[in-house]
Amino acid sequence: MAEPLHALTALGRPEPLDETIGALRLTERIDIALASLAVRKGREGDVAAAAAAAGIPLPDPARHAAGPTHAAFWVAPGMWFLEAPFATHEDIVARLRPVFGDAASITEQTDAWICLDLSAPDLVPLFERLCAVDLAAVPEGHATRTVIEHLGCYLIVHGRGAVRLLGPRSSAASLVHALQVAAASLG
Amino acid sequence: MTQTHRLAGGQIDRSRTLRFSFDGLPYLGHPGDTLASALLANGVRLMGRSFKYHRPRGPLSAGSEEPNALVELRGGARREPNTRATVVELFDGLEAASQNRWPSLRLDALAINDRLSSFFAAGFYYKTFMWPAAFWEKVYEPLIRHAAGLGSLSGAEDPDSYDKGFRHCDLLVIGAGPAGLMAALTAGRAGARVILADEDFRMGGRLNAETFAVGGMAGADWAAAAVAELGALPNVRLMTRTTVFGAFDDGIFGALERVSDHLPEPLPGRPRQTLWRIYARRAILAAGATERPIAFENNDRPGIMLAGSLRAYANRWGVAAGSRVAIFTNNADGLRSAIDLQAAGVEVAAVIDARPDAPPDAPPLPGIRHLRGAEVIDSAGRLGLRAVTLRHANGRTEVLRVDALGVSGGWNPNVNITSHHGSRPVWDPAIAAFVPGAGGPRGLVAAGAAAGALSTHGALAGGQAAALAVLGDLGLGARAEALPEAEDAPVSIVPKWHVGDGRGRAWIDQQNDVTVKDVVLAHQENFTSAEHLKRYTTLGMATDQGKTGNVIGLAVMAELTGRTIAETGTTVYRPPYTPVALGALAGRSRGPEFKPVRRTPSHVWAAEQGAVFVEVGMWLRTQWVPRPGETHWRESVDREVLATRRSVGICDVTTLGKIDIQGTDAGAFLDRIYCNTFSTLPIGKCRYGLMLREDGMVFDDGTTARMGEHEFVMTTTTANAVTVFRHLEYCRQVLWPEMDVQIISTTEAWAQFSVAGPNARRLLARIVDQDISDAAFPYMAAGEVTIGGLRARLFRISFSGEEGYEIAVPARYGDALIRRLMAEGRDFDAVVYGTEALGVMRVEKGHVAGNEINGQSSALNMGLGRMVSRKKDAIGVVLSQREGMVDPGGYRLVGVRPVDPAGRLVAGSHLLEQGAAAVIANDLGWLTSKVFSPHLGSDIALAYLRGGEGRIGQRLRAVNLLARPATETLVEITSPHFLDPEGERLRG
């Protein structure tokens with residue numbers, strides 16, 4: 001067997017981005033495996049039972065929830081994105097398939113996204129320059145899809161000062177640039 | 001120069017002095033000044049030349065309605081034309097210049113236009129510059145534009161940045177005068193999320209410009225206290241220097257915040273302006289009212305301004321616009337100006353009150369001549385007012401030497417934003433003005449002067465009532481607190497629009513130089529509707545949108561037609577309320593940041609190799625990779641093609657759309673999506689598929705692999721990746737919701753490379769852990785493999801016509817994979833080929849791409865008619881069999897070669913019989929794609945040709961009608977498969 005292949009981040013670098021701009025800390029997360037989980041027709045009960053047994057949360061619409069190993073957020077009717085530690089769950093589909101069997105369609109999404117954690121004492125001034133989400137009003141655990149500089153992104157609110165963004169991987173540089181410029185403009 | 005016209009008082013900071021210049025001369029002012037107030041304080045009232053007649057002009061107003069005092073602000077790349085001096089906040093070092101004059105403001109050569117005014121009346125251009133027609137664009141228009149201009153742009157790139165943003169609130173209050181402040185206080189105290197926005201840098205609106213008391217204190221002090229209270233409320237956001245310029249859909253308002261316009265230049269990193277989208281559950285328009293003048297002959301001289309503005313300069317800025325002034329009014333408010341100016345120490349020569357029966361003492365004018373039933377009929381003074389001529393009630397005329405005249409024809413509520421969704425304002429005879437009509441933007445109500453309540457008490461009460469209604473709507477309880485005490489004088493107005501018989505030149509729209517006479521002419525020529533009047537005379541079409549002139553123009557037209565103003569109606573206001581710079585609308589989307597860029601997983605590596613990139617949609621793809629010594633792109637492309645066909649070539653195909661399709665009905669779903677069958681595809685195999693639109697034309701193509709019983713991976717073209725995904729979602733959710741199908745895009749999740757050529761398998765065998773021999777992994781096989789244990793996917797497919805594979809790994813490993821492939825490929829002289837070489841190879845092979853899948857072509861046209869299965873139904877199959885679509889003489893895909901191998905082909909050339917004239921009736925088809933084939937050593941092309949199959953072997957002409965003169969090449973029609981028609985190379 002040949003040597004393993006090395007990995008680059010979505011920004012084309014060997015190491016993940018970790019940058020501070022004014023009050024904002026911007027951290028790229030490459031240690032999270034992602035998969036989509038979609039309920040097959042009529043299998044809602046099976047999926048719910050399997051998830052409960054495995055400790056995988058399947059939150060309500062517009063919500064994110066964390067379990068012991070997996071976290072999940074709702075993306076569409078009968079569909080969630082599941083997060084798990086990359087180190088142990090790199091082949092996340094292989095790990096989830098035994099849990100859900102043929103009750104759900106599972107697709108690897110890890111590298112389709114750049115995953116960014118943003119933190120600051122108050123992220124509202126930044127996000128009101130980025131997207132239409134009313135960060136000041138949404139509760140903790142809010143998860144939604146929004147558009148930032150033309151890019152469709154998932155936004156997960158872990159508090160007024162902590163937000164996770166998933167943006168399209170191929171446009172990672174454009175997205176990060178937009179965040180950097182907006183953060184810098186806050187002075 | 002000293003500030004000769006400065007009075008005591010005002011809301012300026014006299015402890016600091018600011019230096020600025022106008023037309024190169026230095027002046028002094030104070031923080032709190034506008035450019036106009038500071039210039040007036042320095043005795044400068046000539047600030048510009050008019051648009052058409054180049055007449056000397058000074059400020060008419062003290063606010064954003066200003067039509068005259070337009071200047072070029074700042075220098076260099078930041079020079080901004082048509083800036084209203086009345087709203088420019090003075091800063092140290094400000095530079096401004098007058099515009100539309102030559103050689104100087106005082107001596108303007110084009111003032112000759114004023115002498116020739118009878119030639120420049122409304123409709124002049126339309127009637128005059130008719131002949132010869134060809135002269136319009138080249139001669140007349142440039143001449144007219146040169147003469148009739150506003151300011152000029154610097155021509156340099158804008159050095160500043162502009163932000164965009166989104167804000168949310170329960171209640172947006174537009175305008176921070178008495179009504180807006182009261183509304184914001186009421187809602188803010190009740191706990192609602194409130195945004196209070198005002199275009200001014202100092203909140204308070206007219207309270208800053210008036211002397212009367214509110215709640216027992218000076219109005220401006222009450223306003224300052226209210227602003228302080230609001231500022232301390234965490235649920236209230238104050239936005240000064242912010243103009244709400246439009247109402248858009250569903251409670252979204254556009255607002256422009258001038259973040260840095262009051263500074264010499266933006267602070268580092270900060271934007272110049274921010275365009276906010278404000279999402280408001282409710283909104284209150286408290287935009288106040290704008291005073292309008294009365295038109296009389298020569299009413300546009302510097303020194304003649306709105307009466308309310310004259311007192312605003314005195315009260316707010318401590319500036320006397322003249323040393324001896326008169327007031328010309330038709331309503332009680334004009335009298336206030338006389339009183340305030342007198343109190344400020346300015347000599348008031350007379351109040352010329354057009355009302356014959358003006359009440360004697362409301363308000364009292366001690367020691368001021370109050371001439372009831374009189375009117376101003378003319379003025380004098382070359383570069384500024386020296387005297388006015390008035391006519392007393394008894395007909396006697398008198399010349400009054402004054403250097404400033406305040407004119408008040410009444411106040412127009414600023415209804416503009418209520419009209420943005422098409423609602424027309426309605427006429428209120430009690431105040432002789434338009435007030436908001438029904439059916440304005442949902443959730444928006446007007447309050448205070450904007451709703452026609454023109455007293456201070458009316459404004460406070462209206463603002464409070466509107467806010468209480470909003471709070472009730474939103475379920476937030478609140479009680480009406482006692483209103484602060486304020487004046488509640490009645491509007492005593494006798495409408496007076498213009499003086500005289502319309503023969504002299506009495507200005508209505510000062511920015512566009514429209515006079516009463518022009519309205520008379522419009523009437524004479526039957527342009528009598530409000531909309532025609534506007535377009536014929538250009539009334540209200542300047543950047544001020546006719547804020548001071550429109551109603552007068554309509555009133556004059558009403559008089560002429562014998563209709564009421566209500567019957568005459570008004571044009572509808574559109575956004576923006578005041579001008580918005582294009583830079584602000586663009587925000588950060590300009591230059592290289594106009595749109596996001598998509599990079600492939602091999603981008604870093606390709607950039608290291610010096611690849612030339614091409615934009616494909618938002619993707620940057622490698623177009624070719626030049627090697628040292630190659631000076632022409634064709635050398636690189638030919639080498640890449642030949643090397644691939646000779647040995648092995650690698651191409652990043654990550655950009656192709658990849659859609660994961662799962663579910664127990666996935667196969668049946670694909671049968672309906674593709675015109676050919678997929679439910680029978682064995683697991684571990686892939687198949688080329690063709691997707692039709694409902695009308696039977698080809699929509700997209702690509703290969704789809706079956707990875708499991710209920711699991712497929714579809715590929716689409718790069719261009720249609722999103723469109724196809726959207727189509728699948730529509731089919732799944734809307735057309736066939738009963739099917740068990742789940743889809744998700746995985747385009748970005750996998751880095752995918754095409755590896756093609758006779759040595760492709762040998763190269764891959766060095767990398768892939770599994771046996772991929774022809775027996776183990778035959779043509780059109782698909783499956784999961786590993787590379788050093790890493791999960792990967794392998795598909796044996798080819799677009800180039802060579803034995804080919806596509807190999808995919810999770811995107812983060814794409815860089816490593818391309819490096820591994822190139823390292824291992826060294827023994828095979830492996831090359832990377834770009835999109836150009838890909839194009840050459842697919843044309844050589846006769847594969848269709850975007851040029852052939854042009855939205856007007858069927859599978860039959862493409863020579864793929866047999867793919868349309870009749871054993872099942874699929875989208876587009878029925879309509880693909882329409883009579884016109886199956887015409888045997890219709891277009892078919894063919895190959896085209898020049899008879900002389902050195903002959904040149906041009907894509908888009910039309911095919912004609914030899915000897916046939918190049919006219920549409922003889923047209924047989926056209927060349928869709930053309931490349932140079934290094935394999936064949938000549939140009940080759942694909943073409944759509946009528947009855948194409950039957951014409952193979954014929955000689956036709958390929959005529960390029962776009963060349964001058966037209967060029968043509970004798971060509972031979974061939975099979976579209978120039979290379980390996982039997983596909984032996986594919987199978988290895």
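1. **How to read the model.** This is a predicted model, in which local features need pLDDT of at least 70 and side-chain atom pairs count only at pLDDT 80 or more, while totals for chains, interfaces and linings use all residues. Residues are numbered from 1 along each chain as its sequence is written, and chains are lettered from A and ligands numbered from 1 in the order in which they are written.

2. **Chain A as a whole.** Chain A holds five helices and eleven strands; helices (H or I, at least four residues) and strands (E, at least two) are DSSP runs, numbered from the N terminus. Its radius of gyration is 17 Å, close to the 16 Å that the globule rule gives for 187 residues, so chain A is as compact as a globular protein of that length. Here the radius is taken over C-alpha atoms, and the rule is 2.2 Å times the number of residues to the power 0.38. Along the principal axes, the C-alpha trace of chain A spans about 50 × 50 × 30 Å.

3. **Inside chain A.** Of the 187 residues in chain A, 44% are buried. A residue is buried if 20 or more other C-beta atoms lie within 10 Å of its own, exposed if 12 or fewer, and partly exposed in between, with C-beta atoms placed from the backbone. Now take the contacts in chain A between residues at least 6 apart in sequence: 58% of them join residues at least 24 apart. Two residues are in contact if their C-beta atoms, placed from the backbone, lie within 7 Å.

4. **Two domains in chain A.** The domain assignment of chain A gives domain 1 (18-30 + 111-185) and domain 2 (32-110); such bounds come from an automatic or database domain assignment. Taken over C-alpha atoms, the centres of these two domains of chain A are 23 Å apart.

5. **Where the chains meet.** Between the chains, 41 residues of chain A are in contact with 43 residues of chain B. On the chain A side, the elements giving two or more residues are strand E3 (32-39), strand E7 (104-108) and helix H5 (172-185). H5(A) gives the most, with five residues. This side of chain A has 16 nonpolar, 14 polar and eleven charged residues.

6. **An enclosed helix in chain B.** Have a look at helix H7 (residues 307-317) of chain B: eleven of its eleven residues are buried, so the helix is largely enclosed by the rest of the structure. Among the buried residues of H7(B) are Arg311(B), Tyr313(B) and Trp317(B). Their cover includes helix H1 (35-41), strand E18 (324-329) and helix H8 (332-343) of chain B. Just after H7(B), Gly318(B) takes a positive phi of about 60°.

7. **An enclosed strand in chain B.** Strand E33 (residues 619-624) of chain B has six of its six residues buried, so this strand is also largely enclosed by the rest of the structure. Strand E31 (residues 598-599) of chain B pairs with E33(B) in the parallel sense over two bridges (strands pair if DSSP finds at least two bridges between them). In that pairing, Arg598(B) stands opposite Trp619(B). Strand E32 (residues 612-616) of chain B runs antiparallel to E33(B), joined by five bridges, and Glu615(B) has Leu620(B) as its bridge partner. The hairpin of E32(B) and E33(B) has two residues between the strands, and Gly617(B) takes a positive phi near 65° there.

8. **A barrel in chain B.** Six strands of chain B close into a barrel in the order E45-E48-E47-E46-E49-E50, with antiparallel pairing. Six bridges join strand E45 (residues 891-898) to strand E48 (residues 938-946) of chain B, where Val896(B) stands opposite Ala941(B).

How values were computed. Ala, Val, Leu, Ile, Met, Phe, Trp, Tyr, Cys and Pro count as nonpolar, Asp, Glu, Lys and Arg as charged, and the others, Gly among them, as polar.
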